[in-house]
Amino acid sequence: MKFTSICIKCGSQKKWFKDRCPSCSFLPEEKIDIAKSLMLSISFEIQSNEYGNEYAAKTWQELLEIGKHIAKSGNYEFDQYLLKKAEDEITSLENLSPKAVLKSVVIWLAPVLVVIFGFILYVIWQFFKV
Ligand SMILES: [Zn+2]
């Protein structure tokens with residue numbers, strides 16, 4: 001099993017930042033908790049500019065040290081700037097969910113369908129006019 005993330009509550013290692021922690025069964029559900037969990041994972045990237053993402057994750061070794069710190073003190077001071085970036089990243093990931101993509105496709109398609117439907121009505125109307 002490959003671990004990529006540290007539990008923000010107890011410092012244990014877990015497979016994926018959105019997973020339920022196998023040790024304390026904490027499940028990040030609030031956006032802020034998901035953002036913190038993302039920060040304590042090796043897949044943390046921040047949107048740097050319009051050209052793409054910037055890798056902002058700590059090394060696994062550093063994350064393990066943070067995990068030990070959390071296990072001992074039950075606390076970790078998150079960098080507020082990076083936390084804000086992590087929340088933005090969660091938001092953009094949510095916008096890429098299948099449901100969100102489907103919604104934007106429907107919004108883009110609706111005017112096209114209206115035009116096609118209107119054209120069909122026009123043709124039918126022309127056909128029966130004579
Ligand atoms: Zn935990």
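Start by selecting α1 and helix α3 (residues 80-95): they pack at an angle of about 110°, and their axes are 8 Å apart. (Axes are lines fitted to C-alpha atoms, for helices over the stretch in contact, and angles run from 0 to 180 degrees between N-to-C directions.) That makes α1 and α3 roughly perpendicular to each other, the word used for 65 to 115 degrees. Now show the side chains in the contact: K31, I32, I34, A35, K36, L38 and M39 from α1, and L82, L83, A86, E87, E89 and I90 from α3. Contact here means that the C-beta atoms of two residues, placed from the backbone, lie within 7 Å.

A quick word on what you're looking at. It's a predicted model, where local features need pLDDT of at least 70 and side-chain atom pairs count only at pLDDT 80 or more, while totals for chains, interfaces and linings use all residues. Residue numbers run from 1 along each chain as its sequence is written.

Next, pick S25, in the loop between β2 (13-14) and α1 (31-39). S25 isn't a glycine, yet its phi is positive, about 55°. Is S25 buried or exposed? S25 counts as exposed, because it has 10 C-beta neighbours inside 10 Å. The cut-offs, with C-beta atoms placed from the backbone: 20 or more others within 10 Å is buried, 12 or fewer is exposed, and in between is partly exposed.

Hop over to helix α2 (residues 60-73). Its 14 residues reach 20 Å from first C-alpha to last, close to the 20 Å expected at 1.5 Å a residue; that expected span is 1.5 Å times one less than the number of residues. Just past α2, click G74, which takes a positive phi of about 70°.

Time to zoom out and switch to cartoon. You'll find four helices and four strands, in the order β-β-α-β-β-α-α-α along the sequence. Helices (H or I, at least four residues) and strands (E, at least two) are DSSP runs, numbered from the N terminus. With a radius of gyration of 23 Å, well over the 14 Å that the globule rule gives for 130 residues, the protein is more spread out than a compact globule. (The radius is taken over C-alpha atoms; the rule is 2.2 Å times the number of residues to the power 0.38.) The C-alpha trace spans about 85 × 30 × 25 Å along its principal axes, and buried residues make up 19% of the 130.

Last stop: colour domain 1 (5-96) and domain 2 (97-130) separately. Their bounds come from an automatic or database domain assignment, and the C-alpha centres of domain 1 and domain 2 lie 44 Å apart.

Key
Parallel < 35°, antiparallel > 145°, perpendicular 65-115°, else oblique.
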